[in-house]
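Thanks for coming. I will go through one structure this morning, a piece at a time, and then stop.

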Amino acid sequence: MKENELKALMRATLIAGLASAGYAGIKVKQSYQPTTQGRENAPTLYYAQILPTQKVGKPWHIQEYDVTTDDIITTQVQNLLTTYQIQATAPVSVTDTSLPTPGDIALAATQVIESWPFIAALQAKGAGVCNTTAIRPMQVQNDMDQFEDIPSFDFTLAHQDIIILTGPALQGTELNIQRV
């Protein structure tokens with residue numbers, strides 16, 4: 001599975017899980033995009049890949065012979081780990097205490113990612129959840145000179161990258177024994 005496929009799968013599954021858990025209005029957006037100007041004024045989860053995709057072990061190969069084309073088809077499978085960070089933001093209202101705080105949204109996101117429906121949806125597409133870290137508090141001064149909480153956590157997804165290589169089959173060998 002390529003990076004964009006994994007991001008799309010994770011995002012769509014997270015949005016569906018949040019809606020199922022009663023957080024239907026939460027936006028899920030990728031951080032660090034060249035066209036993004038400022039942050040959302042609605043409850044939002046921002047995700048970003050924080051580590052390069054790591055290979056786990058060595059790739060394994062399956063080779064098959066195609067009789068019709070006289071080629072060897074090699075399928076190479078590499079196990080991979082990709083780590084993301086999610087940050088939660090939300091406008092906080094001191095008068096309406098029914099609105100979710102950034103901490104509420106981050107907690108809901110970790111619960112969704114660790115839930116069986118989320119894991120099953122990823123497994124159906126060839127991915128899985130390895131781990132989720134604890135939620136880290138972070139306070140920042142925003143663009144309006146106000147302090148706000150932006151809690152964050154990391155999680156790692158396991159997936160596979162599959163490439164198929166085609167090459168000519170070996171036509172024959174010749175044994176040549178020589179005297180030394």
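A residue is called buried when its relative accessible area is under 20%, and exposed when it is over 50%, with partly exposed in between. Keep that cut-off in mind, and keep in mind that this is a predicted model.

I start with Gly128. Gly128 sits in strand β5. Its relative accessible area is 12%, so Gly128 is buried. What does Gly128 touch, leaving out residues up to four places away in sequence? The contacts are Leu122, Thr156, Leu157 and Ala158. There is also a distance to note: Gly128 and Leu81 are 47 residues apart in sequence, and their C-alpha atoms are 9.5 Å apart in space.

One of those contacts, Leu122, takes us to the next element. Helix α3 covers residues 116-124, and its buried residues are Phe118, Ile119 and Leu122. Looking down the axis of α3, these buried residues fall within an arc of 95°, so they line one face of the helix.

Just after α3 comes Gly126, with a positive phi of about 90°.

Now a positive phi at another kind of residue. Asp70 is not a glycine, yet has a positive phi of about 60°. Where is Asp70? Asp70 is in the loop between β3 (54-66) and β4. With a relative accessibility of 28%, Asp70 counts as partly exposed.

Next, the aromatic rings. How many aromatic pairs are there? The count is three. One of them is Tyr47 with Tyr84, an edge-to-face pair with 6.3 Å centre to centre and 75° between the planes. Tyr47 belongs to strand β2 (residues 44-49) and Tyr84 to strand β4 (residues 71-89), so this pair ties together parts that are 37 residues apart in sequence. Are these two tyrosines buried or exposed? Tyr47 has a relative accessible area of 4% and is buried. Tyr84 is at 0% relative accessibility and also counts as buried.

Another pair is Phe153 with Phe155, which is tilted: the centres are 6.2 Å apart and the planes are at 35°. Phe153 and Phe155 are both buried. Ring pairs link Tyr47, Tyr84, Phe153 and Phe155 into a cluster.

On to pockets. I will take the second largest pocket, which holds about 200 Å³ of space. Its lining includes Arg39, Ala90, Pro91, Val92, Thr101 and Pro102. Further lining residues of this pocket include Asn142, Met144 and Gln146, along with Phe147, Glu148 and Asp149. Which strand gives the largest share of that lining? Strand β7 (residues 147-149) does, with three residues. By type, the lining of the second largest pocket divides into six nonpolar, three polar and three charged residues.

Last, a few C-alpha distances, for orientation. Ala19 is in helix α1, and with a relative accessible area of 40% Ala19 is partly exposed. Ala19 and Val112 are 93 residues apart in sequence, and 9.9 Å apart in space, C-alpha to C-alpha.

Gly25 is in the loop between α1 and β1 (27-30). At 57% relative accessibility, Gly25 counts as exposed.

Ser93 lies in the loop between β4 and α2. Ser93 counts as partly exposed, at 27% relative accessibility. The C-alpha atoms of Ser93 and Cys130 are separated by 35 Å, and these two residues are 37 residues apart along the chain.

To go back to where I began: Gly128 is buried in this model, and its contacts include Leu122, which is one of the buried residues of α3. That is what I have.

Note on methods: Residues are numbered from 1 along each chain as its sequence is written. This is a predicted model: local features need pLDDT of at least 70, side-chain atom pairs count only at pLDDT 80 or more; totals for chains, interfaces and linings use all residues. Side-chain values use heavy atoms; hydrogens and water are left out. Buried means under 20% relative accessible area, exposed over 50%, partly exposed in between (1.4 Å probe, protein chains only). Helices (H or I, at least four residues) and strands (E, at least two) are DSSP runs, numbered from the N terminus. The arc is that of the directions from the helix axis to the C-beta atoms. On a 1 Å grid over the protein atoms alone, a cavity is a set of points where a 1.4 Å probe fits but cannot get out, and a pocket is an open set with protein on both sides within 12 Å along at least five of seven lines; lining residues have an atom within 4 Å of a point. Grid points are joined across faces, edges and corners, and a volume is the space filled by probe spheres set on the points. Ala, Val, Leu, Ile, Met, Phe, Trp, Tyr, Cys and Pro count as nonpolar, Asp, Glu, Lys and Arg as charged, and the others, Gly among them, as polar. Rings of Phe, Tyr and Trp (its six-membered ring) pair if their centres lie within 6.5 Å; planes under 30 degrees apart count as stacked, over 60 as edge-to-face and the rest as tilted. Contact means heavy atoms within 4.5 Å.
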